[in-house]
Amino acid sequence: MSGARRGSGEPRLARWLLGRLLAPEVRDAALADLGEDYGIDRRRHGRLVAGLRYWREVASPSLWRLRREARARRRPASSGGWGTSPGRRQPAAERRPAGWGALVTELHHAARSLRLAPGFTAAAAATLALGIGATTFVFTVFYGVLVQPLPYADADRIAMVWADLGDGAQSLPAVHALDYLDYREWSTAFEEFTIATGREVILGGGEEPELVDQGAVAAGFFAFLGVAPATGREFTPEEDVPGAPPVAMLSHGMWRSRFGADPGIVGRAVELEGLVHEIVGVLPRDFRLLLPPEAFLLRDSDVWVPVRIDPERLPPRNYTGFTVLGRLAPGLSFARAQEDMQAIAARLRDTYPVHAEANTRLRAVPLHHDVVKTVAPALRLLLGAVGLVLLVACANVAHLLLVRGTSRDRELAVRAALGAGRGRIALGILLESLLLGAVGAAGGVGLALSGLQLVGGAGLSTVPRLQAVDVDARVLAFVLAVSLATILLSSLAPLLRGMRTDPAAVLRAGDRGATDARARRLREGLLVTEVSLSLMLLVGAGLLLRSFLALQAADPGFDPDATLTFRARLPRDSAYGPPEARVAFFEAFREQLQALPGVVAASAVTQLPLTGSGPLQPFAYDAETARRWESVTADSRRVLDGFFEAVGAVLVAGRDFAPDDREGAPRVIVVDERLAQIAWPGEDAVGKRLQVDPEGDPDSFAEVVGVVRHLRLHDLSRETLPQIYTPYRQYPSPWLSFVVRTGGDPAALVHPVREALADLDDRVALDDVRPFRSLVATSLERARVSLWLMAGFGLTAVLLVSVGIYGVFSWTIARRTRELGVRLALGAAPGGLRRAVLWQGLSLIVPSLLLGSALAVLLARSLRGLLYGVAPLDPLTFLSVIALLALVAVASCWAPARRATRVDPVEALRDE
Amino acid sequence: MTDTQLGSLEQLALLAVWQLGDEDAYGARIRREIAARTGRRLSISALYVTLMRLEDKGLVRSFLAEPEPVQGGKAKRLFRIEPAGIEALRAARAQLDRMWEGLDRGADKALVR
């Protein structure tokens, strides 16, 4: 076999197939040609087009012509093969294995009979394409996100270390750097640990200062992940010590956007926070640092520097600002890893009082699980749902095949009578189905690809790993398996029927064959299955819809309409060194903003709602919580004056901060209703004093001056931690996120805001400029996408079902033409006849709806975790779905029923 | 002496081989040449069927080039046009020219009118 060239990126399955199918004389040359063209196409048109063109070669009919021709020229003894001596072309030898002829004949026959029934063919192929396409689409995403290992070395052995502090006070993938040194010392299950942290820095030296994410990583961090830099190298241990000369690595994106993809980048300089760093390497283009959503400091960054742990300059061990990854020793389980981390935590508690007080516990969570856990339930649900759609599609195609089968009974019976064996007849039926399946599968893959492109283009930020999703050989193998299973399942019923048919009976009885009753039972069974499965899907979609509406209508505690948000960060230099200078700048900027025309209110906060978790603040309100400091914590936000008004929060008691609450004045805080309820149930919180610093600190208490309604800072669907707001003035950080409320379109404010900022100081970096609404939209994104897909599947199923019902009744009526004609001729009222036919239809629908409801109850139970504000057994959803399906059913029976009463008795009787 | 009739695909392939010369006429390159000049994108197997026939007719000759000096590099099959091939192309063109005779002007007139 030809040695496969690694790394060329050609679709491996297609290459393998071509390796088998190409005539050996040209195989190597043609594969080399294709590889070359693939490379060119990929650069010019992208991977998808190049892949499709490559696959087209597999489907090319000339492939077979080439084989025949090559075989023919090999035949004469004189011709030794390609290029040696020109041989004459010979007619292709008709040496075929036994049965080959029958197969080809049947194949031609099947193709012809499909062409002759374009309506049936189109309906069946479209149904198959819908089912297979939807399944392929969901499976591809499911596989890419949930099944495929993370793109790191030994990814299945990488664990994220989580620390739990207090009594549910904090649970984050964040630990202290000194603890990390202890893990390395004490661990018995891990081969290796690595550490990283991150923050935002100002990248200077260009025209405009830019706010970028900077990751700080241990030497060997990228080697730990099995990632080699695209250019240069990663940090050495010598560079990862305090005081070493500053060095940096760039992300591929940063290298391209800021440095024009300079090939001589290594050795050039980059200015970070005013300090010149030497660039030592660039990361590869497809590198992504995948993290759980709770990781709050470290991000997939633009620039990277060595972490340089300096024990002299670290805060106490309960300040957890680092992310630690560990790699399990080969052959050990995560259960073993967990035991190991528990032992380490126990030792930490024994050794350090801080850990004993906080009751520190550690967990080792598989990184893959951690990264995808938020989307896993929705993806599993969708995979299940799409499986149901596929089943409905199967039932529908089986239906169509059956209907077709019965009308072909005579043809088959004649063939049987003329001596065609049962095997031969079965072969015919099977080939026809397979041909249909091939058409359907091709259409399905096309649908799936367009769906994937749509999803890729939609830029869904909340689904991790979506960039990694791709149609590869495994996915195609899956499609093949699903298509085969689908088509076999669909043709099972017709096949059994075709085999059992007694030709004599059929020929004798004419149109209304003896097999009618059995066929009808089969079809009715299929119909019941279809309707109940669709009901299940629709109930799922309905519940998600109700849940989504509830989520949208939920009061988040703030008002995102007509409001612009953005972040401003001060340059790190002496001008803004003193805290007063920062306060002065931001207060001046706020005043400028408020003076802009159209602005109703403007203020700022250290972290906007729905932009991830922020810092936590331990607090104590009685002796017990004070003794166990850090046993309870709150979300901590620092705000400028007027924040609550600007964000649209409701102040339920007390007052907002005022200019007098400055540094040096008594400490004041605003808390949310939840905190007030926890600390002083039933009492007025205003005027109470809350402990916000460990005992022993002078001035460790702050006075509550106001109470606000809880703001849903993390997640629209639930209230999370209690909240403590402090005046920015008392703890000024170098950045703030602004909230500017206007009467009109927030986009109109962007330009004036930039001008106002540039007037004050053009070195201040501005970013993340967007309407507040878009933050809300992003946080609803996952729910919205699940809803769309589920609704899409539900509607697809309904469409299939209505086609199915219509098909069955049209057929039934057509077969009863004679009987109906006789009854009309004998004076039956058309209305009564219509009712009778309709009734026959409904007598099937009612049990389907009952069965479907029972199944839907099971589905709804499993949906519980994805629902918000609606009970799984929501009667409104169930009833409306049942009503909708009943309506669809009646509508689908209506046309055939009407046709029944339009039968011309004379025609009907002459029919025979 | 040649009375070999060339199909249209055969003509295209033969012309492309000729255009590309001795050094550069291999499958992928020939295919791109045809696509660039005519917009027709052949499948690689169709191209090789054609080239095989041309070789059978003695109009082109093929041989293996040195493999590329990269890991797993494959030997390219290069094609070279034979004198008979050039003759066949000339004959085909002459034949076409004779058929076109007198039509060009008429066709132009038809367009003008």
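Biologist: Which residue of E10(A) stands opposite A:Ile158?

Modeller: The model discussed here is predicted. In it, strand E1, residues 158–165 of chain A, runs antiparallel to E10(A), and 3 bridges join the two. Within E10(A), the residue that stands opposite A:Ile158 is A:Arg327.

Biologist: Is A:Arg327 buried or exposed?

Modeller: A residue is called buried when its relative accessible area is under 20%. The relative accessibility of A:Arg327 is 4%, so this residue counts as buried.

Biologist: How many of the residues of strand E10 of chain A are buried?

Modeller: Strand E10 covers residues 323–328 of chain A. From E10(A), A:Thr323, A:Leu325 and A:Arg327 point one way, while A:Val324, A:Gly326 and A:Leu328 point the other way, and all are buried. The strand is therefore mostly covered, and the number of buried residues is 6 of 6.

Biologist: With which residue does the side chain of A:Arg327 meet in a salt bridge?

Modeller: A salt bridge requires a side-chain nitrogen of Lys or Arg within 4 Å of a carboxyl oxygen of Asp or Glu. For A:Arg327 the N to O distance in its salt bridge is 3.6 Å, and the partner is A:Glu191.

Biologist: How many residues apart in sequence are the parts that A:Arg327 and A:Glu191 tie together?

Modeller: The side chains of A:Arg327 and A:Glu191 meet in a salt bridge. A:Arg327 belongs to strand E10 of chain A and A:Glu191 to strand E3 of chain A, so the pair ties together parts whose separation in sequence is 136 residues.

Biologist: Is A:Glu191 buried, partly exposed or exposed?

Modeller: Partly exposed residues lie between the limits for buried, under 20%, and exposed, over 50%. A:Glu191 has a relative accessibility of 43%, so this residue counts as partly exposed.

Biologist: How many bridges pair strand E3 of chain A with E10(A)?

Modeller: Strand E3 covers residues 190–204 of chain A, and its pairing with E10(A) is antiparallel. A:Ala196 stands opposite A:Thr323 in E10(A), and A:Phe193 has A:Gly326 of E10(A) as its bridge partner. The number of bridges between E3(A) and E10(A) is 6.

Biologist: Which residue of E4(A) is the bridge partner of A:Arg199?

Modeller: E3(A) also pairs with strand E4, residues 210–217 of chain A, in the antiparallel sense over 8 bridges. In E4(A), the bridge partner of A:Arg199 is A:Gln214.

Biologist: Which residue of E7(A) is the bridge partner of A:Leu203?

Modeller: Strand E7, residues 269–272 of chain A, runs antiparallel to E3(A), and 2 bridges join them. In E7(A), the bridge partner of A:Leu203 is A:Leu272.

Biologist: How many residues apart in sequence are the parts tied together by A:Arg567 and A:Asp767?

Modeller: A:Arg567 lies in strand E12, residues 563–569 of chain A, and A:Asp767 in strand E22, residues 765–771 of chain A, so the parts they tie together are apart in sequence by 200 residues.

Biologist: Which residue of chain B forms a salt bridge with B:Asp24?

Modeller: B:Asp24 counts as partly exposed, at 28% relative accessibility. The closest N and O atoms of the pair are 3.1 Å apart, and the partner is B:Arg29.

Biologist: The backbone oxygen of which residue lies 2.9 Å from a polar atom of the side chain of A:His277?

Modeller: A:His277 is found in strand E8, residues 275–282 of chain A. At 9% relative accessibility, A:His277 counts as buried. The backbone oxygen at 2.9 Å from its side chain belongs to A:Leu275.

How values were computed:
Residues numbered from 1 in each chain as written. Chains lettered and ligands numbered in written order. Predicted model: local features only at pLDDT ≥ 70, side-chain atom pairs only at ≥ 80, totals over all residues. Heavy atoms only, no water. Buried < 20%, exposed > 50% of the residue type's maximum accessible area, 1.4 Å probe, protein only. Helix = DSSP H or I, 4+ residues; strand = E, 2+ residues; numbered from the N terminus. Pairing = 2+ DSSP bridges. Polar contact = N/O pair within 3.5 Å; in protein donor to acceptor, adjacent residues only side chain to side chain.
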